[in-house]
Amino acid sequence: MRKKNRISYAQKQLPFSGTARALVSPFKYEYRAFAALGSVLGIVAVAYGVCVGVSIAHVAARAALVEDTRALSAAAAALEHTYLAETRGITESYAISLGFGAPERRVYLKEGSALASAHAR
Amino acid sequence: MRAKFIFRIRIIAILLVLCTAGMLAKLYLVQIVHGGEYREQAENQHITPSAHVLDRGTIYFSERDGSLISAATLTNGYTVALVPRAVKDSALALSVASDLIPDIDRETFLAKAAKADDPYEEIGRQYSEDIGSAILAAAVPGLEAYRERWRSYPGDELAAHEVGFLGFGNGTELTGQYGLERAYDAQLTKPTSGLKINFFADLFTNVGGSLFGSDDGPGADLITSIEPSVQAFIEDELLLYQREWNAKTVGAIVLDPKTGEVLAMASRPTFNPNDIKNARPDVLANPMVERVYEFGSIAKPLTMAAALDAGVVVQSSTYTDTGSVQIDGKTISNFDKRARGVVPMQEILSQSLNVGIAHLVQKMGADTAKEYLSAFGLTEETGVDLPGEASPLVSNLESPRTLEFVTAGFGQGIAVTPIAMARALAALANGGQLVAPHLGIELKYPGGATRSIGWAPPRAAVQPAAAEVTTRMLVEVVDTALKNGKAKVPEMSIAAKTGTAQIADPVHGGYYADRYLHSFFGYFPAYDARFLIFFFAVEPVGAQYASDTWTLPFKRTVSFLTTYYQVPPDRAPITTAP
């Protein structure tokens with residue numbers, strides 16, 4: 001048995017004359033189309049709201065992190081300044097002043113030889 | 001009638017759908033395609049204080065073990081200022097300010113505070129977090145502290161010419177003015193503040209960039225090959241040299257001849273990029289890349305390598321040295337004008353004989369000599385990643401005469417940058433392969449992504465055999481000739497050569513009789529070189545020859561690098577088990 005198309009009351013009232021042709025022909029999925037469109041819009045609205053909320057939280061968290069990072073990088077820069085200045089003070093003359101000196105006698109061993117292995121530390 | 005009404009409703013509905021589609025398309029264009037431009041415009045209007053906060057990638061030195069130390073970074077602090085019309089008790093404001101800032105000028109401070117209608121008078125900038133926080137905590141009416149961020153250079157003068165500095169130049173934006181700051185300005189620049197105030201814009205910002213690409217880079221950190229301890233050592237050596245010999249300009253380069261990575265590059269006089277307002281303008285340019293010099297006899301090994309490569313001589317070849325020789329109507333003489341008789345090729349380098357070089361160039365011919373000068377990169381810029389590289393002055397090589405190629409063969413008559421000469425000499429240490437000298441190794445982007453900086457692959461200047469024979473001859477120079485062999489290091493093969501060049505007189509033409517440029521280069525371990533060291537000094541006073549002024553600094557540098565990098569000896573007498 002052929003299923004009968006269900007149409008709305010308003011559509012029933014339309015004079016489906018031939019003059020308007022396709023533009024005024026009945027659209028049997030009108031209800032479903034509007035329902036689907038409405039559902040999609042609802043989902044998009046909720047998703048947008050969620051995204052905006054997440055974005056706010058993300059930006060707020062990042063603001064705090066950026067601030068922390070800047071403070072830490074400034075502290076690191078100060079430490080690096082001190083480190084580089086101290087490093088320049090480590091010179092041969094400083095080492096000599098501490099009692100270091102060049103070895104008086106050197107013995108050279110071939111890398112990987114038995115003698116070198118025996119003296120390896 | 002009713003049909004007409006329905007028809008119109010449908011038409012209106014279709015128009016509405018088209019309008020919506022149009023608006024969506026426009027939103028797509030505005031927010032995604034052109035989002036970056038609109039965001040910049042909007043932020044400039046509404047969040048100016050945030051957008052103008054300096055944000056820029058860090059430049060790093062690379063230590064021996066691969067750890068990174070900032071060469072240029074950002075520092076946070078405060079600007080301290082008065083709002084005179086809000087000051088109620090200037091004595092109290094002065095008391096609080098002077099407790100925290102001892103060097104404050106009291107009279108100037110009170111004069112500024114007395115300008116009753118003035119909305120802003122700056123006391124000072126770049127104060128520490130502690131000082132700024134204390135001023136804010138004191139809450140003295142009219143005494144304010146504003147957050148500030150500035151570029152700082154933790155090494156002060158360390159590699160100042162190479163790192164460069166930020167400045168306004170001729171514009172209103174802080175940009176790199178010299179050195180790596182300028183060469184990598186586009187990569188280091190972060191186009192927007194790290195913190196977005198408009199989170200809607202933030203939502204779409206990265207979508208557009210990632211989908212469609214953007215001309216604005218995200219702002220990267222630059223990792224360089226400069227090793228801070230080697231750099232500091234070299235700078236100390238240059239300081240000692242300048243004090244002892246009172247040279248107008250001194251410079252040095254330490255590079256890895258196999259990769260072209262510059263481990264240290266320094267010159268004096270120099271400046272402190274943290275105190276750029278007190279720097280002499282004439283010392284800001286980097287002489288290692290922005291000046292050209294005639295380097296003299298350190299070019300002789302290049303000529304020797306070319307002659308060996310061209311096959312016109314072999315190491316055991318001899319020639320008759322007459323002390324001077326006429327070429328194209330001009331006399332070319334040895335430095336002491338003394339004849340040596342029949343001598344082997346080794347003596348050309350060991351005794352630095354100009355007549356020997358003339359012999360080699362004449363045997364090669366001008367065209368071949370020119371080809372080799374080009375092969376060693378002396379007729380072009382090196383492409384080093386530092387700004388303002390000078391072009392070599394090699395117009396003499398257009399001459400049809402042999403004379404110009406003879407003088408070029410011993411380093412006179414053509415002028416090149418120190419980095420170009422160091423690169424050419426590095427080819428001898430690298431089996432004849434010419435590398436691209438560079439300081440930048442890697443760009444590190446936010447989020448952890450890294451990109452290696454690509455450099456031109458090595459190209460052959462001479463065959464490996466020619467480079468090896470030349471190296472052997474240069475080792476002999478160090479072991480027997482340089483300071484009569486006193487520069488020899490028994491356990492390490494070192495190849496080196498000095499250069500003493502006359503300095504051109506730009507006013508009267510010709511050369512000064514009493515002004516010299518001293519240069520020195522060497523590499524070690526000679527047959528598997530890890531380091532090439534290059535020194536030069538303009539007009540040192542008190543010694544005529546480069547061997548008198550540079551031998552000791554060179555030896556100390558070799559000793560330092562050997563110890564610091566734990567370079568094993570390559571020719572030491574081996575102790576065997578009894």
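A residue is called buried if 20 or more other C-beta atoms lie within 10 Å of its own, exposed if 12 or fewer do, and partly exposed in between, with C-beta atoms placed from the backbone. By this criterion, buried residues make up 44% of the 578 residues in chain B. The model is predicted, and local features need pLDDT of at least 70, side-chain atom pairs count only at pLDDT 80 or more, while totals for chains, interfaces and linings use all residues. Residues are numbered from 1 along each chain as its sequence is written, and chains are lettered from A and ligands numbered from 1 in the order in which they are written.

Chain B contains 20 helices and 20 strands; helices (H or I, at least four residues) and strands (E, at least two) are DSSP runs, numbered from the N terminus. Its radius of gyration is 32 Å, well over the 25 Å that the globule rule gives for 578 residues, so chain B is more spread out than a compact globule. Here the radius is taken over C-alpha atoms, and the rule is 2.2 Å times the number of residues to the power 0.38. The C-alpha trace of chain B spans about 115 × 85 × 70 Å along its principal axes. Two residues are in contact if their C-beta atoms, placed from the backbone, lie within 7 Å. Among contacts in chain B between residues at least 6 apart in sequence, 72% join residues at least 24 apart.

The interior may be described through its nonpolar cores, each a set of buried Ala, Val, Leu, Ile, Met, Phe, Trp, Tyr and Cys residues joined through C-beta atoms within 7 Å. In the largest core, of 129 residues, those that touch the most other members are Ile253(B), Val254(B), Ala264(B), Phe376(B), Leu425(B), Ala496(B) and Leu532(B). Helix H18 (residues 418–429) of chain B gives the most to this core, with 10 residues. Leaving aside residues up to four places away in sequence, Leu532(B) touches partners including Leu255(B), Pro257(B), Ala422(B), Leu425(B), Ala426(B) and Ala429(B).

H18(B) itself is mostly covered, with 12 of its 12 residues buried. The helix reaches 17 Å from its first C-alpha to its last, close to the 16 Å expected at 1.5 Å a residue, where the expected span is 1.5 Å times one less than the number of residues. Just after H18(B), Gly431(B) takes a positive phi of about 65°.

H20(B), with 19 residues, reaches 26 Å, close to the 27 Å expected. Its buried residues, including Trp550(B), Phe554(B) and Leu561(B), pack against helix H11 (228–245), S18, S19 and S20 of chain B. Gln566(B) follows H20(B) with a positive phi near 50°, although it is not a glycine. Gln566(B) counts as exposed because it has 8 C-beta neighbours inside 10 Å.

Further backbone features occur in loops. Lys483(B), between helix H19 (464–481) and strand S18 (495–504) of chain B, has a positive phi near 50°. Lys483(B) counts as partly exposed because it has 14 C-beta neighbours inside 10 Å. A cis peptide bond joins Arg268(B) and Pro269(B), with omega about 0°; Pro269(B) lies in the loop between strand S9 (262–268) and helix H12 (287–290) of chain B. Phe524(B) and Pro525(B) are also joined by a cis peptide bond, with omega about -20°, and Pro525(B) is found between strand S19 (511–524) and strand S20 (531–538) of chain B.
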